[in-house]
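Please prepare a short report on the model shown below, covering its helices, its cores and the confidence of the prediction.

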Amino acid sequence: MTGLVIRNTGSWYIVRPDSDGSGCAASGDVPCKVKGNFRLKGIRTTNPVAVGDRVSFEINQEGVAFINSISPRRNYIIRKASNLSKQAHILAANLDQVFLIVTVAHPETSTTFIDRFLATAEAYRVPATLLINKTDLYDEEQRRYADNLALLYRYIGYEVRLISVATGEGIDELKLRLQDSITLFSGHSGVGKSSLINAILPDRNIRTEAISESHDQGMHTTTFSEMHALPDQKGYIIDTPGIKGFGTIEFSREETSHYFPEIFKFAKDCRFNNCTHTHEPGCAVRQALNQHLIAQSRYLSYLSILDDEGESKYRNGDA
């Protein structure tokens, strides 16, 4: 039997079976485990199966279902894991787009986090949109910063939307973007992912929590990744637990600049083909940086990813 992984609950995966060939969907989602030897096939992730995976599974004589293979993934979003015994964690697979939800306050999302996520989306060819949420809470200075942030990423070429679940700003337009697509929602805890999904799918009633007043940080409300069907099955939203930091993985030093569109644009004019844009003479990227054609924040994010090769980075509290 084959199906779509719609939920990860730790040791169990919930699979929605495909139709039986007659056009009728198979009845009932199936809780599945992963066969022990499945983990020994060189898969160096905390989760060998991810939400969004297409899998085959079989049910044994005791009535327990086991996933025995994964279809090739067309893309995925992956980050360095905090678990020292593994290398990475896949947030979701087989995506049409990802919405990165950020806030400039309550809590604040750093540009470093944004850039690391966007670079990963570029690396795995997942179209990304930036959603700046909670605009109703911003004072004049914070709103100005949010507008400038939007200008920066639009200049680079990303779609940016300013939204508010509380006032409804931008929500109706957002719903149209979700149709006929598998969309990953991601971001820090507390940026409003669950509230946003509740606004789009009010029948789900996903649990939300208030921001911690002492630390101005969100508290985890989504424990496991889960796929939610849009009305009439015209697309899916994948909700994921909030993440603190975003350690990149599988980035080679030579290719990192490819995942920053504006840096890649100027890199073709560098004197050396293997220029790392850090110290080489004749570097067109650093010249563009000095001319303010590349944002300083973006260049610093690029440098921080070049420094990701150390195994211990993003493993202590920031992963």
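## An enclosed helix

The buried residues of helix α4 are Lys193, Ser194, Leu196, Ile197, Asn198 and Ile200, where buried means under 20% relative accessible area, exposed over 50% and partly exposed in between, with a 1.4 Å probe and protein chains only. Because six of the eight residues of α4 (residues 193–200) are buried, this helix is largely enclosed by the rest of the structure. Its buried residues pack against β8 (97–102), β9 (128–132), α3 (171–178), β11 (182–186), β12 (226–229) and β13 (236–239); contact means heavy atoms within 4.5 Å. Helices (H or I, at least four residues) and strands (E, at least two) are DSSP runs, numbered from the N terminus.

## Basis and confidence

This is a predicted model, in which local features need pLDDT of at least 70 and side-chain atom pairs count only at pLDDT 80 or more, while totals for chains, interfaces and linings use all residues. Residues are numbered from 1 along each chain as its sequence is written, and side-chain values use heavy atoms, with hydrogens and water left out.

The mean pLDDT, the predictor's confidence in each residue from 0 to 100, is 86 for the protein, and 84% of its residues reach 70 or more. Over residues 211–220 the pLDDT is below 50, although this stretch has 22 contacts in the model beyond near neighbours in sequence. Residues 311–319 likewise have pLDDT below 50, with 28 contacts beyond near neighbours in sequence.

## Nonpolar cores

A nonpolar core is a set of buried Ala, Val, Leu, Ile, Met, Phe, Trp, Tyr and Cys residues joined through side-chain atoms within 4.5 Å. The largest one has 67 residues, and those with the most contacts inside it are Ile77, Ile132, Tyr153 and Val285. Helix α1 (residues 111–123) supplies the largest share of this core, seven residues. Apart from it lies another core, of 15 residues, including Ile101, Leu196, Ile200 and Leu201.

## Packing of α1 and α2

The axes of α1 and helix α2 (residues 140–156) come within 13 Å and cross at roughly 30°; axes are lines fitted to C-alpha atoms, for helices over the stretch in contact, and angles run from 0 to 180 degrees between N-to-C directions. The two helices α1 and α2 are therefore roughly parallel to each other, given that angles under 35 degrees count as roughly parallel, over 145 as roughly antiparallel, 65 to 115 as roughly perpendicular and the rest as oblique. Thr111, Ile114, Asp115 and Leu118 in α1 meet Tyr145, Leu149 and Tyr153 in α2.
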